[in-house]
Every structure is written in structure tokens, then in C-alpha cells.
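Hello,

Here is the structure for you to look over. My notes follow below it.

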Amino acid sequence: MSADLVIRSQKVVTPEDLAPASIHIQDGRITAIAGFDDYPPDAPVFDAGNSVVMPGLVDTHVHINEPGRTEWEGFASATRAAAAGGVATLVDMPLNCIPATTTPQALQAKLAAARGNCWVDVGFWGGVVPENVGHLRPLFEAGVLGFKCFLIPSGVEEFHCVAESHLRIACHELKRLGAVLIVHAELPGPVDEAVRALNKGGSPDPRRYSTFLNSRPQKAENEAVALVIRLCRETGCRMHIVHHSSSVALPALREARREGLPITVETCPHYLCLAAEDVPDGATQFKCCPPIRERDNNEALWAALGEGLIEMVVSDHSPCPPEMKMRESGNFLRAWGGISSLQLRLPLTWTAARGRGYSLRQLTEWLCRAPARLVGLHNRKGAIQKGYDADLVVWDPEASFRVDGALLHHRHKLTPYTGQVLNGVVEATFLRGRKVFERGWFPPAPAGAIVSRETL
Ligand SMILES: [Zn+2]
């Protein structure tokens with residue numbers, strides 16, 4: 001028995017347990033999980049002591065925006081922030097970059113931009129747009145982990161939303177391929193209706209958060225979820241609702257799951273940790289779509305996480321240059337919608353979860369295992385298990401820190417969490433057995449790999 005590295009701790013989170021253990025690593029994989037003192041005598045040891053050792057986080061919802069809008073974020077900055085936040089694997093969204101990842105050629109442009117610039121492992125979503133049904137198979141064969149579509153204008157002109165008729169055709173094709181379709185589930189009808197109603201009462205103040213909130217009603221999500229459920233039932237396509245925020249749609253989703261439909265749901269830290277009541281006027285760093293809703297709504301999302309109806313918490317890290325957030329005018333209606341939080345997902349979720357009595361094993365399910373399952377990486381990533389990639393995060397759940405731009409490795413530091421005191425300090429991140437972050441330190445060169453279907 002030999003090992004390149006042993007990582008041991010009093011608190012190792014495995015699928016079965018939270019217990020003292022030593023993790024034996026060889027050639028980037030976990031070869032054994034043994035007793036705390038049970039390891040080859042000549043192996044180098046990283047002793048995490050009382051800190052928690054958890055699987056490296058998997059974040060399946062990240063907008064890196066490169067190529068084409070690299071001034072918004074980029075592979076190097078995003079993946080360094082990921083490593084600093086305990087994330088070992090992230091999956092990049094197919095839009096906000098130019099070209100959008102809707103053709104095999106666009107995927108090649110992505111790969112060219114990513115190669116040599118990734119500090120953690122990176123996979124890709126492809127896009128479903130009205131004009132690319134013929135590209136779905138070649139994109140899937142080229143290695144994307146699944147597909148994303150929008151049911152409402154996406155905010156960028158190169159990524160069109162799909163109507164029900166397009167979506168139906170795409171669902172049949174994805175069912176044939178065995179690919180998952182992830183859906184931005186808001187419909188334009190209720191949003192248009194809400195905006196008309198708002199304008200009827202004179203011109204609403206665009207600096208007020210309530211103006212923006214009222215313009216993106218739950219009804220837009222509820223009707224979109226109903227459409228997704230209907231198409232899921234009709235086509236058998238595996239479907240997933242991204243960044244779910246409406247509590248009213250939860251019973252329909254519960255019913256769909258009971259019926260056995262292949263449908264899953266994610267939410268994000270901002271829907272769980274922030275509340276509409278607390279968003280100051282003009283504070284456009286809180287703007288995202290669907291919007292952060294009221295506290296009661298968020299408690300229902302927590303309950304849905306607790307029962308397993310919502311399976312995972314992913315970041316939806318979607319930054320932009322600070323000037324696009326219109327901080328000077330504070331105009332919610334004109335500001336770019338998107339929240340920066342890639343590096344903070346672990347402490348944000350943990351701080352809110354521990355106060356509600358959730359365990360570290362539950363946290364691991366939401367942040368690691370369920371996202372790995374969504375993209376078909378669950379036999380390799382998201383768990384501390386023999387044969388898996390040695391992706392690990394070492395962190396102290398008791399230690400706290402104040403969120404400050406100086407700590408963030410995102411390209412832009414604007415985030416609604418600035419000033420918050422959070423529990424959970426990431427001490428070190430390991431990627432396939434190599435240390436990629438430790439207390440502010442990074443290795444001299446990036447070690448991340450491209451994760452595609454062919455490497456499964
Ligand atoms: Zn997104």
C-alpha cells in the first residue's frame with residue numbers, strides 16, 4: 001500500500017459518515033479511506049486536524065463570459081475564485097460569451113479560450129436556441145454536459161429564447177440523445193402584464209427595489225414551470241429548473257416528482273440568504289432574474305431543500321463590469337441582472353443552513369453530490385469515495401470572516417454580500433490530489449482540466 005499524499009482530519013464527510021479518517025491519494029484519485037492513523041508510513045501527510053474535509057464543490061451554474069465578454073469575467077479569474085471558494089469543478093453557461101455556445105464551432109472557441117487558463121476543472125453547457133436544433137447532436141458529441149434554454153429574453157441578443165413549439169422539438173431531440181435540458185423558467189407574458197400594470201399607475205420609481213420585484217412576478221415562474229412539467233411528461237426529456245425562486249410553483253413540482261417525471265430543481269444562495277424586504281433602494285448589486293423575493297417565500301424554498309424537492313444550491317455567478325450595474329443612478333430597471341458569488345457559495349449556504357439545523361452531510365449533498373449528478377459526473381466527482389477524483393476542500397465551519405472585495409478573486413468585486421459576516425473559512429482546496437489553493441496561496445500554474453462527456 002502506497003500513496004502520493006494522505007489528507008487526514010477528525011471530520012471527513014463521506015457518503016456514509018462524518019468521522020475521523022485518512023484519505024489516501026494516488027495518481028489524482030482516492031485509493032482508500034482508512035482510520036485517522038492508518039496510512040503508509042512514508043506518505044506525505046496533510047493534516048487538517050479539526051477542520052472539515054469535504055468533497056471539492058461542484059458548481060453547475062457559472063457564467064464565465066469568455067470569449068467575447070472577458071471584461072465581465074474570464075476563465076482565469078473565475079477559476080481562481082472557484083479554487084479559493086473550495087470549488088473543484090464548475091460548469092460554464094452557454095451565454096454571455098460571444099459566440100454563445102450553440103454550435104460545435106462556438107464550443108471550439110470556448111475550449112481554445114479555456115485551455116491553460118483553468119485553475120479548477122471546467123465543463124460546458126451547450127445552448128438551445130430556436131435556430132440550432134441541427135447542432136444539438138454534434139455539440140453533445142463534442143462533449144457538452146447538457147443544454148440550457150431560456151423561455152424569456154435572456155438579456156443578450158446572441159442567445160434567443162425559445163417558444164413552446166421550438167422547445168418541443170428540442171426536447172424530443174435531447175430525449176433521443178439522453179441529454180439533460182436546463183431551463184430558465186420565466187415566461188414573458190406575465191412579466192409584460194406586470195410592467196403594463198406598473199406603468200398604468202404613473203411612472204414607477206426605478207430606484208425602488210419593489211418596482212423591479214413587481215415587474216418579475218411569481219406568475220412568470222409558475223407558468224413556465226407548468227410548461228416545463230407538461231413538456232417533460234410529453235417527451236420524457238430529462239429536465240431541470242435553474243435558479244428557482246417561486247414558492248408558489250413548489251406544489252406543482254412536488255406533484256411532478258411524485259408522478260415520476262425526470263425533473264429536478266436548483267436554487268441559489270441569493271434566494272436563500274437575502275430577502276426583498278432588506279434590499280435598499282438603488283442597491284442594484286441585488287438585481288437578478290428571477291428576483292430575490294420576500295422572506296416568507298425564501299423560507300418555503302428552505303423547506304423544499306429540506307425535503308429534497310430542491311436538490312441543490314448553485315451560485316449562478318453572473319457578473320458584469322460595475323458600470324453596467326448603474327450604481328450611480330441606482331436604476332433597477334436598466335441595471336444588468338446577475339449576482340456575483342462564485343467564491344462565497346460554501347460560507348453563504350453553510351451560515352444560513354447551520355442556523356436551521358442542517359448538517360454538513362446535507363450541505364455536501366446540496367453543494368457537491370447533487371450538482372455532480374445533474375451533469376453525469378457523479379461516478380467521479382462530488383463525493384469522498386474510493387476511485388473518485390481526489391477533489392477536496394478543507395475548511396473551518398466555526399471560523400468567520402467579513403466579506404470584503406479584497407478577499408475576492410472574481411474579476412469584479414461588486415457583490416450584495418459585502419460587509420456580511422459569514423461562518424466557514426476555506427483553508428485549502430485540492431484538485432485531483434494537487435493543492436490548488438491554501439490560505440491565499442495559489443500554485444505557480446493552473447492545473448485545471450476540461451471535463452467533457454468523452455472523459456467520463
Ligand atoms: Zn445564470
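Domain bounds here come from an automatic or database domain assignment. That assignment gives domain 1 (5-47) and domain 2 (54-377 + 388-423). Their centres, taken over C-alpha atoms, are separated by 33 Å. The contact between them takes eight residues from domain 1 and eight residues from domain 2; two residues count as in contact if their C-beta atoms, placed from the backbone, lie within 7 Å.

Two notes on the source. This is a predicted model: local features need pLDDT of at least 70, side-chain atom pairs count only at pLDDT 80 or more, and totals for chains, interfaces and linings use all residues. Residues are numbered from 1 along each chain as its sequence is written.

Back to the domain contact. On the side of domain 1 that touches domain 2, strands E1 (5-13), E2 (18-26) and E3 (29-34) each give two or more residues. E2 supplies the largest share, three residues. By class, this side has six nonpolar, one polar and one charged residues. Nonpolar means Ala, Val, Leu, Ile, Met, Phe, Trp, Tyr, Cys and Pro; charged means Asp, Glu, Lys and Arg; the others, Gly among them, are polar.

Now the whole chain. It has 12 helices and 17 strands (DSSP runs numbered from the N terminus: helices H or I of at least four residues, strands E of at least two). The C-alpha atoms fill a box of roughly 75 × 45 × 45 Å along the principal axes. Buried residues make up 54% of the 456 (buried: 20 or more other C-beta atoms within 10 Å of the residue's own, with C-beta atoms placed from the backbone). Among contacts between residues at least 6 apart in sequence, 74% join residues at least 24 apart.

Next, the core. The largest nonpolar core has 142 residues (buried Ala, Val, Leu, Ile, Met, Phe, Trp, Tyr and Cys joined through C-beta atoms within 7 Å). Six strands form an open sheet in the order E9-E10-E11-E12-E13-E14, with parallel pairing (strands pair if DSSP finds at least two bridges between them). E9 (126-127) and E14 (312-313) stand at the edges with a single partner strand each, so one side of each has no neighbour in the sheet. Two bridges join E9 to E10 (residues 147-150). Gly127 stands opposite Lys148 in E10.

Best wishes

Key: Buried ≥ 20, exposed ≤ 12 C-beta atoms within 10 Å, placed from the backbone.
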